[in-house]
Amino acid sequence: MDVVARLASQSAVVIFSKSTCCMSHAIKRLFYEQGVSPAIVEIDQEMYGKDIEWSLARLGCSPPVPAVFVGGKFVGTANTVMTLHLDGSLKRLLKEAGALWL
């Protein structure tokens, strides 16, 4: 859990992902298209990837990726992030975290 918290606090937006996950790819594209450059943690390429995956599952991520943190706080997985995007709340969160200026 400490590894996830440490990594999540190192950038305004952090996405825990797997390089082979299509939903992870879609969420990363969403942020890039918003003009945000998130920090990406590909857990299938990390030495402690299984520990990170276990920690994300303990946070309530089901499936464990993609898991999005904004401003060091857990926002949610793909469904939650897409809902926030569609209702306009995601931009507000990104601006508050300093990840988006416009």
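Colleague: Is Thr77 buried or exposed?

Modeller: The model is predicted: local features need pLDDT of at least 70, side-chain atom pairs count only at pLDDT 80 or more, and totals for chains, interfaces and linings use all residues. Residues are numbered from 1 along each chain as its sequence is written, and side-chain values use heavy atoms, with hydrogens and water left out. Buried means under 20% relative accessible area, exposed over 50%, and partly exposed in between (1.4 Å probe, protein chains only). At 15% relative accessibility, Thr77 therefore counts as buried.

Colleague: Which residues is Thr77 in contact with, leaving aside its neighbours within four places in sequence?

Modeller: Thr77 sits in the loop between β4 and α4 (78-87); helices (H or I, at least four residues) and strands (E, at least two) are DSSP runs, numbered from the N terminus. Contact means heavy atoms within 4.5 Å. With neighbours up to four places away set aside, Thr77 is in contact with Cys61, Ser62, Pro63 and Pro66.

Colleague: In what order do the elements of the chain run?

Modeller: The chain has five helices and four strands. From the N terminus on, they run α-β-α-β-α-β-β-α-α.

Colleague: Which strands stand at the edges of the sheet?

Modeller: The four strands form an open sheet with mixed pairing, in the order β2-β1-β3-β4; two strands pair if DSSP finds at least two bridges between them. A strand with a single partner has one side left without a neighbour in the sheet, and that is the case for β2 (39-42) and β4 (73-76).

Colleague: What angle does the direction of helix α2 make with that of β1?

Modeller: Helix α2 (residues 22-33) packs on the sheet, where it touches β1, β2 and β3. Axes are lines fitted to C-alpha atoms, for helices over the stretch in contact, and angles run from 0 to 180 degrees between N-to-C directions. On that scale the angle between α2 and β1 is about 160°.

Colleague: Which residue forms a salt bridge with Lys28?

Modeller: Lys28 is found in helix α2 and, at 12% relative accessibility, counts as buried. Outside the four places on either side in sequence, Lys28 touches Ile15, Ser17, Ile40 and Glu42. A salt bridge is a side-chain nitrogen of Lys or Arg within 4 Å of a carboxyl oxygen of Asp or Glu. The closest N and O atoms are 2.7 Å apart in the pair that Lys28 makes with Glu42.

Colleague: How many residues apart in sequence are the parts that Lys28 and Glu42 tie together?

Modeller: Glu42 counts as buried at 15% relative accessibility. Lys28 lies in helix α2 and Glu42 in strand β2, so the pair ties together parts whose separation in sequence is 14 residues.

Colleague: Which residues are linked with Glu53 in a network of salt bridges?

Modeller: Glu53 forms a salt bridge with Lys50, with 3.9 Å between the closest N and O atoms. The two are three residues apart in helix α3 (residues 49-58), and therefore separated by about one helical turn. Glu53 counts as buried at 18% relative accessibility, while Lys50 counts as exposed at 65%. In the network, Glu53 is linked with Lys18 and Lys50.

Colleague: What is the N to O distance in the salt bridge of Arg92 and Glu96?

Modeller: Both residues lie in helix α5 (residues 89-96), four residues apart, or about one turn of the helix. Arg92 counts as partly exposed at 44% relative accessibility, and Glu96 is exposed, with a relative accessible area of 59%. Their side chains meet with an N to O distance of 3.3 Å.
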